[in-house]
Every structure is written in structure tokens, then in C-alpha cells.
Amino acid sequence: MPHKGTEDSKVIHIGFDDTDSIAGRCTTNLAFKIVSKLKNETGITFIDYPLLVRLNPNIPWKTRGNGAVCLRIKTNHSAQIIEFLLKILRSESDLLNGANPGLAIFEGELIPFPLRQFSRRAMNDVVKIEEAEKLAAQLSVQIFKYGQGLGVIGAMASIGSLLEGDHTYEAIAYRKDEFLGSPRKLDKSKVSKVDINTYPLTFNCFDKIHDRVLIAPHGPDPVFCGIRGEDPQTVISSLHKVMPMEKLEGYMVFRTNQGTNMHLQNELSQSEISTHRAGYIRCVVTKRPVIIRGGHVMFEVSDCSNKKYPVAVYEPTGLGNIASKLLEGDNIDIGVGVSMNTPHSTNILNVEYLSILKIAKEIVNINPLCDKCGKRMKSEGKNKGFQCKICGDKRDSKISVTNPRDIQLGMFFPYSKAHRHLTKPLHRFGMEKNYPHVPNIIKALHSEWFKRF
Ligand code: ATP
């Protein structure tokens, strides 16, 4: 990339999304290729790790994990960089298999507030491409679209997401072209060992309950595996410990919102419950759970507006056991994704976590006990009262007793194998951290954050 180096150094934020398809490729891998090129250029400083921003996981047109990427750099040859980005986005996106790439470029130290708000909405709501385009025009964000260009939504949202609050890291290793599509051979015992030895600084490496490796995808995409954790050093050293025999292309560390529950931070009031939204709801159980075919559990809740919603707890989450013990009157808080209940054309709340806040008393009416002989009395027929069959003592009506409930207050989380990228693992509660954005102060990145083998 020839450059004249005559411009003053300025900060540019590069967002891109929707470059892959289910047939192959991956937006993070394109980021790896772009960084590989930019890192070799003089006059470019990365002012943050590449960001892998997971957006609303309930968007049906996502390919896999609804991830968008943002690169933030300081450079004195932005025009040549944009030229290079346009070229590589065109050549490396899976346009033939339905990718709809979008690129957004914003120049400036400070991210404008409306762009940050847009990003927040893209985390838990559905936003329209027209909104992204209008905002880009207002804020002088340069946008470029290919195919239907839907990727500009994610591209804009990734730039607007500073991840100043809670965040995690992922070191993602990439395969060489000649191995794409072949099975990934990972040593299960090494992964399990890393999982045990790095706890609580890594997460979702290994599912002990189901004896399953969680760090590798199964499809034809170029990701070999990814280690998630709290800091760059831990994810890099852990990745080295699980390195396979297969020769890899390299790895890159992303700063991400994975494992933070970022999509569930907003309380959904009744008016905000619409299809594909995410959030949490404080509610009361209004119809007791039933277990349906497949082990899924269904019940009904009502929020403070008294509007009622069906709720589904899917079997793979492992939350069915606790959910099935709920009763009418229990106060709960549920993290949910809203989906369309197609046969009924209504919304249904799919539970991502369950918090039991107040347990209602279970009062049941039973036949009275005989005071004299202590035996349970028998009914004499409808409205005829009760009689002790031993001593003949009589009573008019049933008595009310409180049944002990087999349920405890607390927060309940899905199995790790059922985690979404954004799902916050139990042990991360209390481990939240900040990454304040201070203009003009460039934090040093870990020296090994990018490697090409
Ligand atoms: P991968 O995780 O493998 O990179 P993906 O799951 O991110 O793929 P994409 O191919 O990027 O899937 O498709 C997601 C599409 O949804 C993108 O075009 C993105 O711009 C768009 N999108 C993301 N968030 C929202 C949102 N909140 N509202 C509307 N569209 C969105």
C-alpha cells in the first residue's frame, strides 16, 4: 500500500460486518487479514484491540453469532487505507453465497453520542438499514455497501460500541486454506486442563457436565478455535497450550462483549416486548409450568401492566428442572429473547436466565384430621362434610395447609453448552471491569496480540 505520509495523523474507526455466509468465511478472519496488512505498514498505530462486538442475538438474518468488527487506528494515510479496505471487502466477502457486506469509517477522536446510542439499540432491538444510513449522513460517517449492504448496521454499531464497561478477550486462531472443511483435531485433555488451571480467568472452554470441548466451531469457516477470558495474557498463553498438530495461519486477540450479558441489561416494559428484542422482565407467574414433548417447559407470566405472556424454557438450557417447580404467584426476573409464537401469532419469551425473587406460599385444602384418633377423615359426599371412620367424629369442611416448596431463591443459569456468545457465565458475576476511553491517551496493547505463523 504506497502512501505519501503527508496527512496529519488522525484517528479513524473502521467498522465492518456481514462478510461471511453459512457456506464459509468469517468476519473476524477478514479482520485478521486486514490487520495483518496494516500492521506491516509504517505510520499506523492500533489504539485499541480489534473489537468483536456481538449484537442482538435474536436477529433472524444473522449467519451465526451476529458479530461485527471495529478497528481503531491512528494514521497519516487514511485515504490509502480506505482504498485498501474497499478492495479487500469486495474480494474477501462471500458475496456469491449471500453475504451483504457493509463498511463504515469515522474520523475523529470522540465517538458521537447518537452513534453510541445506535449501538446500544442494535444490542437488544431491531434497527433498520435506513436508520443507519441517515445517522451516517448526519455524523459524516462514510459508509460503503455491497449486495444489499445490510452489514452497514453492524459496521456502524461496532464503531459506536466503545466497550468501556464490562468486556472480555478472545484469542482466535485461524486455519490455513488447505485445511478448511476438514475436522478440527483438538486434544480434549489439553483443553480440559487449560479450563481447570486458568479458572476463573477463562470461560466456556470445556463443558465438564457433558464432557465437551467448547472452543472450536464445527463448520467450514476458517476459525480453528478461540479461547475466551479476562485478559490478553491469559487467552494468549492458554491458546499456546492447546495448539494442535495442524499448522495454523496465526491468531489475533479481540476485545469483546462476549460473556457480559450486554444484550440483557435493559428492562423490557410491556410496550417494549416485540419480536426479536432482548432484555429482562420482572414478572409474576400466572400459570403454572407444564412440561411438553422434548422436555421443554412452558408457563405464563404477567408484568406490572397485567399483560400476560407465554414463556418457554428450552430443554438444552438445563433450566427446565427449576422452572418446572414454579407456581402461580412466584416473583421472578427472567432474561429473555422475544420470538414469534407462530401458531398463535403472538410473542413468546425464551428464557436465557431465571432469577427467583419471591416464593409464593402453596396453600392446599385437604381433609381434616380427627382430633381424637389422629386419622385423616373421609368425605361423606359432595357438601356432606367429613367423618372419621374409626370414632365417627365429624367436621364440615376441608382445612387449608401450607405445602413446603421444593424451590430456592436465587439466580439460575443455562449449561455452558447452551450459552450464547453474550451469555454471562455464573463465575463472571463480580468480575466486571472497565476500559475507559480517554482521547489522546493510547494504551499499550499486549506485545503478542497478533501473530502470523
Ligand atoms: P458471523 O458471526 O459468522 O460473523 P453473523 O452471525 O455476524 O456472522 P452476519 O452475516 O454478519 O451474521 O449477519 C448479521 C446481519 O444482521 C448483518 O447484516 C448486520 O448488519 C445485521 N444486524 C446486526 N444487528 C442488527 C440489529 N440489531 N438490527 C438489524 N440488523 C442487524
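Me: How many salt bridges does a search of the whole structure find?
Reply: The model is predicted: local features need pLDDT of at least 70, side-chain atom pairs count only at pLDDT 80 or more, and totals for chains, interfaces and linings use all residues. Residues are numbered from 1 along each chain as its sequence is written, and side-chain values use heavy atoms, with hydrogens and water left out. A salt bridge is a side-chain nitrogen of Lys or Arg within 4 Å of a carboxyl oxygen of Asp or Glu. Over the whole structure the search finds 31.

Me: Which residue forms a salt bridge with Arg 428?
Reply: The closest N and O atoms of the pair are 2.9 Å apart. Arg 428 sits in the loop between strands E23 (410–412) and E24 (450–452), and its partner, 262 residues away, is in the loop between helix H5 (151–160) and strand E7 (168–175). Helices (H or I, at least four residues) and strands (E, at least two) are DSSP runs, numbered from the N terminus. The partner is Asp 166.

Me: Into which domains is the chain divided?
Reply: The bounds come from an automatic or database domain assignment. Domain 2 is given as 168–260 + 430–440 and domain 3 as 262–359 + 405–423. The others are domain 1 (10–162) and domain 4 (362–403).

Me: What area do domain 1 and domain 2 bury between them?
Reply: Buried area is the accessible area (1.4 Å probe) that two parts lose on being put together, summed over both. Phe 32, Tyr 49 and Leu 52 supply 32% of the area that domain 1 buries against domain 2, more than any other three residues. Of the total, 62% is on carbon and sulfur atoms, and the total is about 1900 Å².

Me: Which residues form the salt bridge across the interface of domain 1 and domain 2?
Reply: The rule finds one salt bridge across this interface. Its closest N and O atoms are 2.9 Å apart, and the residues are Asp 48 and Arg 255.

Me: Which residue in E20 stands opposite Ser 379?
Reply: E19 and E20 (residues 386–387) pair in the antiparallel sense over two bridges. Opposite Ser 379 stands Phe 386.

Notes
Two strands pair if DSSP finds at least two bridges between them.
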